[in-house]
Amino acid sequence: MDEKSLKPQLRFKEFTDAWEQRKLGDFGSVCMNKRIFKNQTSENDEIPFYKIGTFGGKADAFISRSLFEEYKSKYPYPVCGDILISASGSIGRTVEYQGAEEYFQDSNIVWLNHRNTIHNPFLKYFYAVVKWNGIEGSTIKRLYNENILNTQITLPQKPEQQKIGTFFSNLDNLITLHQRKLDKLSNVKKALLEKMFPKNDSDVPEIRFKGFTDAWEQRKFDEVISRIATGLNPRDNFKLNSGGTNYYVTIKNFEHGHLHLDENCDKIDDTALKQIQERSDLQKDDILFSSIGRVGDCYLIESKPKNWNINESVFTLRPNKAAVNPLYMFHTIHADCVLSYILNNVTGSTFKSIKISDLKKAIIPLPNKEEQKKLGIFLSKLDNLITLHQRKLEKLKNIKKACLEKMFV
């Protein structure tokens, strides 16, 4: 391998030397904890015992402190910073050992004892791009010691290893921070959806905007929707992707209030589009409703579509604006007071669906129009904030993926 190929595409400017290609076995040996038998575990002992099924998660088995102390002193045990590897199941998953008192299943959870010859954070991110020797393209579902030891690694000197490890550690910390913010906002929204709509037989919510005191009404969908329609099945009426340029929207194209249309979407020609539009002409403020699979997932149409329509798995709900604010109705469908009815009235055990006749009977709680408007705007702003954090998180993950591809040889 020439010197040029031993340098990464992207690196810190102060480093110029070629990297060195070696085998992991040149740096040390594969280690694992002493075998723990089932009769040595319990559900209430002191030391967590991680099996392959709980690796990286929450332990559901424990061993005694006396056994832990004995085995830790007599047999191999990781040091803080060692990178533990799953050798079965989802092979190659890693967890950085943080120094806690815990024990790990032998042979299924292993680590490379390299005696500090490799910077552990660098090794951690190398494992994210590694091609394990002997298993690429095979059906082998286990990572044996020889696979690990014979795996090639190309690495720089320690200072560059440290800088790369620090860079990715900081990036992971930033990803974790945004994930926590996103989780917190999602939990806030979930709590608000429970408290800002009346529960059970109550006619007022637990939390509401100042200035509103009137009791809410209970109305059926059929009373607040002027139209419910579906699209057509392409199997019976037209062909998909036969040269057309109009989007053919199915339940796979919208999720959690977001519509995804790109070049990979199904397309229909103008004749098919006209045929569908005669049945379900979409308008601004119509709500697309998933009638199968993710029953209850929906999308609010923000402007009249010009070049797409829907298939039969999608219901089009047209709110009667004299009775209900479309934005309010869109958010209310996701509230437990409405969604619980919808989910309790689906049919099918494997592939769930709901009938139009059953959906029409769903009950929607209605405050006055001004309170509806305020609730709709508030929940939309919260959704926009959640979307912002989702996009930041996706961007950071994409940056990490790109850097992993270009900063390792």
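Predicted model: local features only at pLDDT ≥ 70, side-chain atom pairs only at ≥ 80, totals over all residues.

Mentor: Residues are numbered from 1 along each chain as its sequence is written, and side-chain values use heavy atoms, with hydrogens and water left out.

Trainee: Which residue stands opposite Ile-85 in strand 8?
Mentor: Strand 5 (residues 83-86) and strand 8 (residues 109-113) run antiparallel and are joined by three bridges. The residue of strand 8 that stands opposite Ile-85 is Val-110.

Trainee: In the sheet ordered 15-12-18, which residue stands opposite Asn-246 in strand 15?
Mentor: This open sheet of three strands has mixed pairing, and its edge strands are strand 15 (267-268) and strand 18 (308-310). Strand 12 pairs with strand 15 in the antiparallel sense over two bridges. Opposite Asn-246 stands Ile-268.

Trainee: Which element gives the most residues to the lining of the largest pocket?
Mentor: A pocket is an open set of points on a 1 Å grid over the protein atoms alone, where a 1.4 Å probe fits, with protein on both sides within 12 Å along at least five of seven lines; lining residues have an atom within 4 Å of a point. The largest pocket has a volume of about 1000 Å³, and of its 32 lining residues the closest to its centre are Lys-189, His-256, Gly-257, His-334 and Asp-383. Elements that give two or more residues to this lining include helix 4 (158-195), helix 8 (326-333) and helix 11 (369-406). The most, eight residues, comes from helix 11.

Trainee: Which element gives the largest share of the lining of the second largest pocket?
Mentor: The second largest pocket holds about 260 Å³ of space. Its lining has 13 residues, with Phe-126, Val-129, Lys-131, Gln-152 and Val-409 nearest its centre. Strand 9 (152-155) and helix 11 are the elements that give two or more residues. The largest share, three residues, comes from strand 9.

Trainee: Is Asn-253 buried or exposed?
Mentor: Asn-253 is found in the loop between strand 12 (246-249) and strand 13 (254-255). A polar atom of the Asn-253 side chain lies 2.9 Å from the backbone nitrogen of Thr-250. Buried means under 20% relative accessible area, exposed over 50% and partly exposed in between, with a 1.4 Å probe and protein chains only. At a relative accessible area of 5%, Asn-253 is therefore buried.

Trainee: Is Asn-116 buried or exposed?
Mentor: Most residues other than glycine have a negative phi. Asn-116 has a positive phi of about 65° although it is not a glycine. Its place is in the loop between strand 8 and helix 2 (120-126). With a relative accessibility of 59%, Asn-116 counts as exposed.

Technical notes
Pairing = 2+ DSSP bridges. Helix = DSSP H or I, 4+ residues; strand = E, 2+ residues; numbered from the N terminus. Points joined across faces, edges and corners; volume = space filled by probe spheres on them. Polar contact = N/O pair within 3.5 Å; in protein donor to acceptor, adjacent residues only side chain to side chain.
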